[in-house]
Amino acid sequence: MSFERTEWVWHNGQQVFWDEAKIHSSAFGLHYGTGVFEGIRAYETVEGPVIFRLREHLDRLSASAKVYGIEIPYSREQLTEAISDNISFNDFKNCYIRPIAYFDSGGLGIRAICPVSVTIIAWEWANAINAEKKARGLRVTVSPWKKFHSSMLPTTAKSTGQYLNSILAVREAAMRGYDEAIMLDVNGNLAEGAVENIFLVRNGKVLTNDEKSSILLGITRASVIEIARNLGFEVEIRALSLDDLFEADEAFLTGTAIEIAPIREVDGRIIGEGRSRPITEMIQKTFFEIVAGRSPKYRPWLHPVSSTVGVGAIA
Ligand SMILES: Cc1ncc(COP(=O)(O)O)c(C=O)c1O
C-alpha cells in the first residue's frame with residue numbers, strides 16, 4: 001500500500017493538499033472509534049477509470065451512519081462528485097478509495113454531541129495481498145478471536161471501532177506466519193475473514209453465509225453470488241461450520257481490497273486438491289472482465305469517474 005502518489009485529499013467539502021488534511025487531537029472519533037467508512041475501488045478501462053458498485057458502497061455508508069447516528073452533511077451527489085473529482089485531481093487510474101465520516105471535535109462525553117466531518121482519501125493500491133500469494137492461494141488460520149455477535153455491535157455496519165476485532169485477529173495470525181485469519185462467530189460457525197467474506201465450493205455448489213453469522217454484507221460477496229448464479233452455479237446461503245470448510249473442494253475470500261483470493265490451506269490442512277480450483281477461477285475470470293469494463297451485461301456496476309448521474313440521494 002502506498003500513499004506516495006496521493007497529492008489531494010477531499011476534506012469537508014474541499015480538495016486540499018495531503019499535508020493540509022489534518023484533524024484535531026480532540027476529535028471524538030479518534031478517542032472512541034466512532035466513524036463509518038467505505039473501501040471502494042476504481043479500475044482502469046479503455047473508457048477511463050470506473051468506480052465499482054459506487055451506489056452500493058454509498059448505500060452501505062448511509063446505512064452504517066444511520067445505525068451510529070452520524071448525520072453525514074453531504075448528499076450522495078456531493079459525495080459522488082467529491083470521489084470522482086479526487087480521483088481526477090490525483091490522476092489515478094486504478095485506486096482504492098476510502099470515504100470516512102466521523103464525529104469530530106466538540107467534547108468527549110460519550111453521548112457524542114459533536115459535529116460530523118467527512119474525508120475522502122484515495123491511493124494506488126494494486127494488490128492488498130502479494131500477487132504471488134494470491135495466485136498460490138492463501139494460508140489461513142482459524143483465529144482464537146471470535147467475531148463479535150450482532151447483539152453486541154451491528155456487524156452489518158462498517159464502523160472504525162469495530163475493526164479492533166479484525167486487527168487483533170489479523171495481527172495474531174501474522175505473528176504465527178499466516179496470510180489471513182478466519183474468524184468464527186460466537187456459535188463456533190464460520191463468520192468471515194478479518195476483512196473479507198468467505199465462500200466454499202462443494203460438489204459443484206457455491207456456499208456462503210449471511211448476516212446471521214455476524215458478517216459484514218460485502219459488496220464483493222453480493223457481486224460473487226450474482227456472478228456465480230449467472231454462470232449457472234447453485235448458490236446456497238446458510239450457516240457454515242468448520243467441517244464445511246475442511247471438507248470443501250475449494251474455498252475463497254472476497255473483499256474490495258483482496259478481490260477474490262483462493263484459500264490454499266487452513267492451519268496446515270490443504271483445501272481440496274490445493275491448486276485445482278476451477279469454479280473459483282471461473283468466478284475470478286468473470287469478475288476481472290467486469291471490472292475491466294469488458295462485460296456489457298454488468299456495465300451498470302461501473303460508475304464512470306467523469307459522471308455524477310444516477311446514484312440517487314444519500315439520506
Ligand atoms: C469485516 C469485513 N467483512 C467483509 C468485507 C468485504 O466487504 P466488501 O466486499 O464490501 O469490501 C470487508 C471489507 O470491507 C470487511 O471489513
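**The shell around the ligand**

Modeller: Within the shell around the ligand, α6 provides the largest share, with 3 residues. This is a predicted model, and in it 14 residues surround the ligand, the closest being Gly218, Ile219, Thr220, Gly255 and Thr256. Sorted by class, the shell around the ligand holds 8 polar residues, together with 3 nonpolar and 3 charged ones.

To set this part in context, the domain assignment of the protein gives domain 1, made of 8-126 + 297-304, and domain 2, which covers 131-276. The C-alpha centres of domain 1 and domain 2 are 25 Å apart, and where the domains meet, 21 residues of domain 1 are in contact with 11 residues of domain 2. On the side of domain 1 that touches domain 2, at least two residues each are supplied by α1 (28-32), β3 (35-37), β4 (40-43), α2 (54-67) and β6 (95-103). Of these elements, α2 gives the most to that side, with 6 residues. Taken by class, the side of domain 1 that touches domain 2 consists of 9 nonpolar, 7 polar and 5 charged residues, while the shell around the ligand, as described above, has 3 nonpolar, 8 polar and 3 charged residues.

Conventions. Residues are numbered from 1 along each chain as its sequence is written. This is a predicted model: local features need pLDDT of at least 70, side-chain atom pairs count only at pLDDT 80 or more; totals for chains, interfaces and linings use all residues. Domain bounds come from an automatic or database domain assignment. Two residues are in contact if their C-beta atoms, placed from the backbone, lie within 7 Å. Helices (H or I, at least four residues) and strands (E, at least two) are DSSP runs, numbered from the N terminus. Ala, Val, Leu, Ile, Met, Phe, Trp, Tyr, Cys and Pro count as nonpolar, Asp, Glu, Lys and Arg as charged, and the others, Gly among them, as polar. A residue is near a molecule or strand if its C-beta atom, placed from the backbone, lies within 6 Å of it.
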